[in-house]
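The questions below are for someone meeting this structure for the first time. Please look at the sequence and the model, then follow the answers in order.

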Amino acid sequence: MEVLQTHKGEVKAANKYIGKNIKIREDVKLVQGKGHYIDDLELPGTLHMAYATSTYGHARIKKIDTSKCFTIPGVLYVVTGEELKSRLSPFMEIATPPSGNLRDYPLAVDKVRYYGEPVAAIVATDPYIAEDAAELVDVEYELLPVVLDGEKSLEQDAPLVHENIGSNVVWKGVWDLGDTESAFDRADLIVEDVVRTHRYASVPLETNGMVASYDEGSNIITVHSVNQMPMFSLPLICAALGIPPSGFRMIVPPNVGGAFGGKIINYTHITLVSYLTRILKKPVKYVETRTENITFGTHNNERIYHVSLAARKDGKVLGVRMKAIDNCGAYPRYEPAGAVIWAQVVPGIYDVRDIYVEFIQVLSNKGPTGPVRGYSRVQHNFMWERMMNALAKKLNMDPTEVRFKNLIQPEKMPYVGPSNTIYDGGNYPASFKRLLDTLEYKKWRDLQAKSRPDGRLIGIGVAAVIDSGANNFSQIKIINKDFPASGNSDVGMVIVDQFGDIVARTGTTDQGQSHATTFSQIVAEVFDTDPEEIKFQEGFDSISNIWAAHSGAYASRSAVIAGTALYYAARNLKQKVLKIAQSIMDEPISDLDIKNKEVFSKVSGKKIPLAKVASVAWSDVGLLPDGIDPGLMSYAIYKPDFKFNMPDERNRINNTLTYSYSIHATVVEVDPETFQIKILKHVVISDPGTIINPLVVEGQEMGATLHGISAALSENLVYDDDGILLSSNFWDYNVIGAKQMPDLELLQDVTRSTSSVLGVRGIGEGGGGPIGSIINAVEDAVTPLNIKLISSNISSYDLFSLNRKNEVI
Amino acid sequence: MSGKQLVNIEINGKKYSAEVEPRLLLVDFIRDTAKLKGTHIGCDTTSCGACTILLDGKSIKSCTMFAVEADGSKISTVESLATDGKLNILQNAFWEHHALQCGYCTPGMLMSSTFLLSRNPDPTEEEIREGIAGNICRCTGYINIIKAVKDAALVMSAETGKEK
Amino acid sequence: MRPRPFDFYQPTSIKEASEILHSHEDAKPLAGGQSLIPMMKLRIFSPSEIMSLAKIKEMKPYISETGQILKIGAMATHDMIHRSDVLRNAVPVLSEAAGEIADQQIRNRGTIGGNIAHGDPSTNLSAALLALDAEIEVQGIEGTRIIPIDEFFLDLFTTALDHGEIITEFRVKASPHTKQKFMKVAKSDTAFPMAFVALNVGLSEGFVENARIALGVAGPTPLRALEAEKFLLKKRLDSEVITKAAQIATKDLEPPSDVHASEEYRKQLLSTLIKRGLSSFVG
Ligand SMILES: Cc1cc2nc3c(=O)[nH]c(=O)nc-3n(C[C@H](O)[C@H](O)[C@H](O)COP(=O)(O)OP(=O)(O)OC[C@H]3O[C@@H](n4cnc5c(N)ncnc54)[C@H](O)[C@@H]3O)c2cc1C
Ligand code: FES
Ligand code: FES
């Protein structure tokens, strides 16, 4: 009997281990401080690297004098961009020329392009000494004008961030979907608005870190790093270093202290420590300081939308046109991927088919951007939720009513959107209603109205977001049709070892998502064996060859893709076990099954332990039946079929496999004098699809909600007019703590994904739901003050200033 | 007095002595000299609490003290909580409530909570939030941590009740 | 991030400490290190010599009560102060202010001496001690002197301490019958506060007998709202008087502007806190 419930193939009995609240096995060692994080790794003779960084936003490097560094005993090497320019190739760019010609190295070459950019790296015997020496790097700069704002960087006379590409444009494209002309012709009204998203960062509690070592005998560089896309980064690093992949081994330690997208573009540091270890013939370690992490450890894209929305007077949206300008900072790195990734959620959660988007991504003198939890969709989701509110305001309708008018209806599922995304199920209207009931929407509206005359500022906001997961790399071909990546894939491997233990492994990395527990549950289901009995090997090692080129943990893909690969691997292995058992037990295979590490006959009741089968399979191989190879090892590589696999001429593609959604509702109260914002209630509803482990799913949802709340109300990377980052440490870049985090009510309306084999949806990112609901709630609260919000971040100070501006006018 | 100084620090009942530079931060002594890697570093500004330990019974941020200043004192780190691999009540509550994901903040959270419970065996939710206000977690949203501490307090008081 | 190297001294008596400070221009006392060490790690302040106060026998932390006078040793931690029953009853504003400093770990290490000696307008205890009209005992090579708190703060990070002098004790009068309150606004506990006030008002049958209002992050030093204090004298604390007092207290202020708050916004916060604090004393 096969017990796993999959939507492909026959429906099976209910799951036994999948979906169970099994306690997280990884937690046991972590509560004892027995994890193995990158900074814990001590290779003998390790040297330490530190950066000297730019103190300006944009400046030509006239001269760098590093001689003083060597006055400190223990300093072994100092490298600058000048040296790297001749020894490394610039990193590969995703975009085609002209912006594809942009030259990016691990250290600034010729000029610095953002505040905090590394200009020199010092290697010393001790991290304290490396920092001492970094202070002694003497750089002579010639200041250049900065450009910080996305729109300004498009102006004729804007300073150029990279002169050799002739403009500040990284990439531009148009999505002309449906027929917006007719939609706008039919409309009763047009709403125009500007929506901006602000710059913040993923700031995992553990910063980026890596240790490189070089083995002269084999000429192999081994890097231990926290990189979350190791096999995507490996070719970039090897190409820059000019070495083949066989000369480079990439290891990710079993424990990574969070990532949230912020551990992808660290390949610049990995390249540099690799370069240095080859020269110095000793291990070289670099661990970002928090200040460096906030300054360049991956910022979220700042985006400006100019939107026109066409609607009927009953609130039905007919079409929308927009121009989006996306500011990706000084180096694109993983960009311009973000310039197409938003299109995973083109219509948001709404049934709108006539959409025109002109998208431009530009450079500026700010830190590099890249994936940050909810990468590129956060901004687009936010835009929709702001526009829905703008429409409601214009029509004098309740914002929830406008949403009900536009939500995609359940009978249209799976829903093929205007850009060929296939939304894989869910009942949006029913969930939305349940959310509002749980929030007690009506009660809060009444209280709001009743308390306004007393000067109380209570506001209610909702925001629905699509949290698309398991990306299809083919969308990058919209940017560069020759870019050598498409689809997605990952590996699962299961063995029954010589002692009869079931051991599993995948190509993913883990940054706190509890893969060992959840993946063991999948294997347990196939082998009908207690998940506790399934061994899971943590950590990533490129020479294990348990990887696919897309392996890693990003884009909410692990459960969906690696989970499926593992399921297939387990299923295939089970067949082989049964085949061997058939000959040992002398019973027909159709009578046999596995339970609790034993093969048993459903007819005779006879049993043999898995260990018995294993011993025949591995060592007593003379007993193997004809045609069966030794070993009990199964390796499966899974590549999902996205249906609309490749972009068409209108940039339409199904760019992820699953599209989970969540809807957030927030009640806030604004203090009319201090303008402090307090969350009174926050409720979330979501559809994660088949749940493998509820503890893990809930954990991801709470974490994503924290990130959204913190981004909306607190975290903000503020640059002054000269391009100096003013919020570069936790004193000024404030992430919320336990006293700021409100209680949450989490609801789920679970339906199986119609696209993924296990029915699971990727849910790790959360789509930035709270950002929309909070901004909408705050704006609602301050209605009596007539304050209009534009940005995705609001502080009490901003509210005070906006109110003051109103008073002055 | 320039140059290195001899310091003796007792960590989790074991004595460590070493000649160190005065500027060596206590957290580096714990991690690099005593090789106890459970205590983590998460910031530059005494903000995150990943480095929290108990110094003579009181929670402190070990990144904001010089090792020479800890000479002669007794320190407990996360490694002291379990006995022979058996989790203590608080650790068990963290496991039970999945009060962690990546686990990077966890040692600091546990030490702050240990200190809180040592003083206040029955903290309110508000007191728990105050007790861990100096510890940043980027993964969990704090809610499960608060539940775990509350639950640990209940279990502890039930156990002391039994003993009586 | 890690600090630059420095020479380290650990005297065991005040006499020895004074001598070290006297003969070493650059030596900086180290108390709890909760202000000094972060700045040293960020390398925005790097003294070449550090003198620890931890082993000085006369400076063991203490809180004592002699008649109406409360004495607090300079090495008393924020946590000790916050949890002292004596202080909570006699000078609640000090106890509240100490409890509102940063987080538990920082309160376990940071000391009242360091908080005041730092000369930082964003330190809670400076406002509380201003509101309580404290006296500061300092010792140096020349001996001991008492500095009234009103004369202590000179400019940003600049105090009336001469080089070589150490704060040894704070003295405040018990004032269990006055109305006291500490209030602050901060984004989180791991960052510095945006604004705060410490209030100490004596009321007699509803009329103000004496008032001390101290403001934090309101200017280059911890400040008192002298004019507002004067205005309040002999007045009944009704809402009109309270609003007026808050106005007077903040009208000429020039608080700092930074990413968290502009000068204008800080004034608004301070004014609101004064209003709310005073209002809490009546009805
Ligand atoms: C994240 C964070 C948040 C904080 N938030 C707040 C807050 O909200 N409110 C607040 O008030 N404080 C806050 N602080 C500062 C904290 O209160 C410090 O503990 C205190 O300001 C300094 O005391 P210390 O004993 O640690 O002094 P140290 O750091 O050791 O010394 C500070 C200064 O005082 C001098 N000094 C110390 N003791 C003496 C003495 N006895 N005689 C002469 N000079 C002396 C030192 O030489 C040094 O210049 C915060 C600190 C951090 C890191
Ligand atoms: S590392 Fe000590 S508080 Fe962050
Ligand atoms: S569990 Fe990752 S930071 Fe708390």
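Q: At about what angle to β1(B) does helix α1 of chain B run?
A: In this predicted model, helix α1 (residues 26-33) of chain B lies across β1, β2, β3 (52-55), β4 and β5 (74-76) of chain B, where helices (H or I, at least four residues) and strands (E, at least two) are DSSP runs numbered from the N terminus. Axes are lines fitted to C-alpha atoms, for helices over the stretch in contact, and angles run from 0 to 180 degrees between N-to-C directions. On that basis, the angle between helix α1 of chain B and β1(B) is about 75 degrees.

Q: Which strands of chain B does helix α3 of chain B touch?
A: Helix α3 (residues 106-119) of chain B packs on the sheet, and its direction makes about 40 degrees with that of β3(B). Contact here means heavy atoms within 4.5 Å, and the strands of chain B that helix α3 touches are β3, β4 and β5.

Q: Why is one side of each of two strands in the chain B sheet left without a neighbour, and which strands are they?
A: The open sheet has five strands in the order β2-β1-β5-β3-β4 (chain B), with mixed pairing, two strands being paired if DSSP finds at least two bridges between them. Two of these strands stand at the edges, each with a single partner strand, so one side of each has no neighbour in the sheet; they are β2 (14-20) and β4 (58-61) of chain B.

Q: Which residue of β2(B) stands opposite B:Leu6?
A: Strand β1 (residues 5-11) of chain B is joined to β2(B) by seven bridges, and the two run antiparallel. Across from B:Leu6, the residue in β2(B) is B:Glu19.

Q: How much area do chain A and chain B bury between them?
A: The contact between these chains involves 54 residues of chain A and 51 residues of chain B. Buried area is the accessible area (1.4 Å probe) that two parts lose on being put together, summed over both. Of the area buried between chain A and chain B, 56% is on carbon and sulfur atoms, and the total is about 4,500 Å².

Q: Which side chain of chain A meets B:Arg31 in a salt bridge?
A: A salt bridge is a side-chain nitrogen of Lys or Arg within 4 Å of a carboxyl oxygen of Asp or Glu, and the count between chain A and chain B is nine. In one of these, at 2.9 Å from N to O, the partner of B:Arg31 is A:Asp40.

Q: Which residues of chain B lose the most area to chain C?
A: Here 36 residues of chain B are in contact with 35 residues of chain C, and the two chains bury about 3,000 Å² between them, 52% of it on carbon and sulfur atoms. Together making up 21% of what the chain B side buries, the residues that lose the most are B:Arg23, B:Phe66 and B:Glu69.

Q: Which residue of chain C forms a salt bridge with B:Arg119?
A: Across the interface of chain B and chain C there are five salt bridges. In the one with B:Arg119, the closest N and O atoms are 2.3 Å apart, and the residue of chain C is C:Asp79.

Q: Which pLDDT do local features need in this model?
A: Residues are numbered from 1 along each chain as its sequence is written, chains are lettered from A and ligands numbered from 1 in the order in which they are written, and side-chain values use heavy atoms, with hydrogens and water left out. Side-chain atom pairs count only at pLDDT 80 or more, totals for chains, interfaces and linings use all residues, and local features need a pLDDT of at least 70.
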